[in-house]
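Colleague: Hi, I'm new to this one. Could you put it up and walk me through a few spots?

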Amino acid sequence: MTRTALTGTIIGGLAVLAIGAWAVAAPGRQSASPAAPRPPSSSIAPPLSPSPGLSPGLSPPRSAPMTGVGPSFAAAAEPFVQTFANQPGVRPLPKLPSPTAVLHQPPNIDGCDHDYGERTQCVPWTFPPGVTDKCAWLTAHGFSAVRVVGKDRQHLDPDGDGIACD
Amino acid sequence: MTGPLPLFSHRDRVRIGQVLILTLLIVLFLPERSNAGANLLTNGGLEALDSGGFPVCWEKSGWGDSTHTFGVSHPGHTGADAMQIAISSISNGDRKAMMLEDPSCAPNVTPGHQYDVSAWYTTSSPNTVITMFRHDLAQGWVYWTDLATLATTGTWQQKTVRTPPVPPNTDQIVWGVTLYGVGTLQTDDYTMVDATQPAPDASCSAGPVCTQGVWQVLPFNSPVRGIHTVVLKNGNVLIVAGSGNNPDAFAAGTFTSAVYQPRTGTFINVATPADLFCSGHVQLPDGRVLIMGGNKAYPATDGSHGYEGLKGSYIFDPNTNAYSKVNDLSSGAWYPSATAMGNGDVISLGGLGEDSNGTVATQYFSNAQQRWLTIGEAHQTWSFWGLYPSMILMQDGRLFYTGSHVFGNGLPGSGASIYDYGTGAITPVNGLQRKDERDQSMSVLLPPAQDQRVLTLGGGNIDSNPDANRLTDLIDLKQATPAYTAGPPLPTGTLTGGVPETTTQGKMYVSAVLLPDGKVFETGGGLHNRADPVYEASMYDPVTNTFAAGMATDPVPRTYHSSAFLLPDGRVMAVGNNPGDGTFDMRLSVYSPPYLFQGGRPQILGIANSQWAYGSTNQITVDGPIRTASLIRPEAVTHSSDPNQRYVDLPMTVTGNTIGLNLTSNPNLAPPGWYMLFVVGANGVPSVAQWVHVG
């Protein structure tokens with residue numbers, strides 16, 4: 001063996017050793033096969049509900065096959081809709097008939113007692129828990145000279161002068 | 001005479017020494033072999049077959065009614081074998097070859113890590129998608145997400161997609177390619193590598209803002225009362241007051257709106273054709289804003305009638321900053337909902353009619369016809385849904401009534417339900433806590449929309465006027481029978497004068513804003529009916545189901561008639577406050593979340609095409625490593641109600657700084673319209689949004 005050949009052999013051997021050493025020593029390999037229970041076939045979904053999918057009232061359509069073969073076609077995918085929340089066994093609420101009477105909502109639906117104050121104001125229909133002095137509460141919350149424009153439902157105008165809490 | 005030659009000459013010894021040193025340097029200093037190089041899959045090449053002739057560690061899966069075959073085709077993309085699924089007819093369901101949900105086959109994953117999954121494929125059907133399941137330590141194997149739709153191809157193509165960060169409590173995942181249309185699918189040479197980006201060291205040295213963010217009260221006021229706010233496709237904000245809860249303005253016929261231009265801090269006053277106070281609103285697919293109903297009359301002083309709803313409807317055009325009229329609703333609507341559907345139509349429910357009675361009509365706007373259907377054309381249930389009912393579009397096109405509403409008690413029964421417009425079926429949903437004290441709570445579809453989870457926060461009752469509560473309720477609409485479960489309580493805040501709330505006091509008038517980092521910022525609120533502002537803000541993390549308390553609080557009280565919404569620059573703006581004394585706070589506040597102080601913002605340098613089709617991959621270029629990308633639908637909010645707010649995850653196909661963003665094929669997850677595209681860098685900092693049009 002010539003010196004040149006011997007030198008080359010040694011260099012090659014060292015290189016192989018180096019690569020091997022790196023391959024063995026460097027971290028990063030994912031450990032294999034941890035224990036995990038095999039679940040019931042969770043990837044099997046229940047039947048599709050008669051829900052509207054993309055278009056309310058329609059079931060998701062299924063396309064005819066693509067007949068061509070070759071590079072990308074421009075065909076658009078149909079919506080991939082999952083079958084979640086089918087609520088098996090949950091009974092829908094009874095269907096309602098077309099109404100024959102109005103559904104009354106109270107004038108104070110906003111929680112304000114419109115018997116009092118300017119029309120921009122909202123004296124609470126019910127004061128917060130623990131309020132024993134409604135007038136003090138109103139004052140603390142920016143109300144002053146609150147007019148009684150309707151019935152004094154909350155008895156805030158004992159002197160009857162049309163101004164609450166004075 | 002010379003002696004024998006030495007085995008190594010001096011020159012050889014020098015060379016050997018050099019090689020040894022070089023080798024040592026290589027071993028010592030070569031970077032750790034990255035996880036990115038290791039294929040984590042067993043039998044990804046499909047060459048090992050079991051006794052049945054199907055690839056080891058793979059299973060035939062799927063559901064529904066179809067005529068189909070599974071098999072092994074030859075040759076593969078490489079090697080001898082590929083998997084093949086052929087569907088010749090299908091009425092519903094899908095077929096997929098999945099990795100076995102088996103400890104020896106399903107790859108291990110680390111929570112928080114992201115993985116590049118890749119497969120070679122041919123398919124003759126566009127209805128082909130990569131689907132993932134995860135092994136949850138508590139729930140077992142559960143659906144995770146769909147990553148990308150695969151384009152049809154007759155020649156072998158490779159698709160690589162990066163997963164979202166793996167959720168906590170996940171130890172393994174499986175995935176595969178699903179075929180849900182007629183056609184033939186071949187797959188081969190699956191790989192999965194860890195593609196986690198190293199997070200740079202935290203670089204914030206700005207003190208408390210690093211963790212709390214900071215509010216700025218703008219040095220100018222809104223020219224109109226900020227009762228309704230809609231973020232527009234051009235980044236401006238439509239602020240609608242109408243009469244602004246001011247009967248004097250109503251009597252004078254003074255109705256106002258303005259467009260706020262965040263880039264310049266200026267406003268454009270907009271001629272307002274009717275009293276749009278108390279209307280509903282939602283962006284149409286083309287970015288114009290559909291506004292329905294409003295205020296026909298304030299309550300009579302003699303108590304003879306209450307608020308009356310308008311039948312009128314208008315469209316606001318951001319291009320012209322002008323309203324135009326469309327046909328009337330079938331019934332008046334004061335406090336109606338407005339939900340954008342997957343086909344671009346709009347369903348509006350609830351509210352008060354022209355006679356101040358409850359509106360029981362389902363009102364349906366056809367986007368194709370640009371008109372409201374007549375009462376006979378729309379499917380009717382004759383149900384009263386209350387005021388501003390929060391109706392969130394589910395991934396199958398049904399609506400989830402979250403129980404969040406405005407004024408008084410919730411609906412009878414469980415207080416929440418699922419409504420199928422197509423069949424008219426309304427099925428109750430259980431579990432909502434104290435459903436009669438969720439007045440002016442707020443519900444949000446949590447990020448990402450693909451997870452189909454809803455959070456409902458806080459609430460009170462303006463009739464009984466208890467202390468508003470700290471309740472939160474979480475529901476997973478992926479479950480077969482979804483039910484709310486109690487979430488962590490809202491953090492407590494302080495009241496006027498810095499008085500701390502008690503442990504049972506929370507807030508109504510809550511604002512919850514989806515952020516581009518996938519978290520939910522909740523802010524503002526009050527303890528009682530139009531009184532007692534609560535100064536509290538927190539950051540909810542949907543991944544961990546926890547609130548980070550102690551975010552900076554808006555110095556401006558934000559109770560009744562207040563809102564908050566995301567700006568395209570990643571900040572949050574808050575408007576409005578209308579306490580019982582009749583005043584209205586015209587100040588505007590802007591919140592910079594902590595993420596804006598964590599380092600440089602990633603840049604979206606280019607978007608190949610801003611028109612995105614469902615199921616498409618859309619190329620963008622960025623200036624550095626990106627962790628996630630998302631579409632966020634711009635808000636259209638009033639009274640703590642914006643059922644259309646959503647964050648749609650965009651799984652990424654990463655090639656250096658060129659990223660393909662894979663949009664879902666399901667429009668119910670991302671109804672057509674304009675969206676804010678955000679990317680989040682490896683440092684957790686979001687970009688400024690770019691606008692893209694979906695559908």
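Modeller: Let's start at B:Asn321, which is partly exposed because 18 other C-beta atoms lie within 10 Å. On that scale, 20 or more other C-beta atoms within 10 Å of a residue's own means buried, 12 or fewer means exposed, and partly exposed is in between, with C-beta atoms placed from the backbone. One caution: this is a predicted model, where local features need pLDDT of at least 70 and side-chain atom pairs count only at pLDDT 80 or more, while totals for chains, interfaces and linings use all residues. Residues are numbered from 1 along each chain as its sequence is written, and chains are lettered from A and ligands numbered from 1 in the order in which they are written.

Colleague: Got it. Where is B:Asn321 in the chain?

Modeller: B:Asn321 sits in the loop between β20 (313-317) and β21 (322-326) of chain B. Helices (H or I, at least four residues) and strands (E, at least two) are DSSP runs, numbered from the N terminus. B:Asn321 isn't a glycine, yet its phi is positive, about 55°. For background, most residues other than glycine have a negative phi, and most peptide bonds are trans.

Colleague: And A:Gln87, is that one buried or exposed?

Modeller: A:Gln87 is buried, as 20 other C-beta atoms lie within 10 Å. Its phi is positive too, about 50°, although A:Gln87 is not a glycine. You'll find A:Gln87 in the loop between α1 (3-25) and α2 (134-140) of chain A.

Colleague: Switching to chain B: which peptide bonds are cis?

Modeller: One of them runs from B:His74 to B:Pro75, with omega near -15°. B:Pro75 is in the loop between β2 (66-73) and β3 (82-90) of chain B. Another cis bond joins B:Pro447 and B:Pro448, with omega about -10°. B:Pro448 belongs to the loop between β30 (442-445) and β31 (453-457) of chain B.

Colleague: How is chain B divided into domains?

Modeller: Domain 1 covers 38-194 and domain 2 covers 604-694. Those bounds come from an automatic or database domain assignment. Taken over C-alpha atoms, the centres of the two domains of chain B are 25 Å apart. Ten residues of domain 1 of chain B are in contact with eleven of domain 2 of chain B.

Colleague: Which element gives the largest share of the domain 1 side?

Modeller: That's β7(B), with four residues. On that side of domain 1 of chain B, the elements giving two or more residues are β7 (140-149) and β8 (153-162) of chain B.

Colleague: Last one. What order do the strands of the open sheet in chain B take?

Modeller: The four strands run β11-β42-β41-β40 (chain B), with antiparallel pairing. Strands pair if DSSP finds at least two bridges between them. β11 (214-221) and β40 (563-566) of chain B are at the edges with a single partner strand each, so one side of each has no neighbour in the sheet. β11(B) pairs with β42 (residues 587-592) of chain B over five bridges, and B:Val217 stands opposite B:Ser589 in β42(B).

Technical notes
Contact = placed C-beta atoms within 7 Å.
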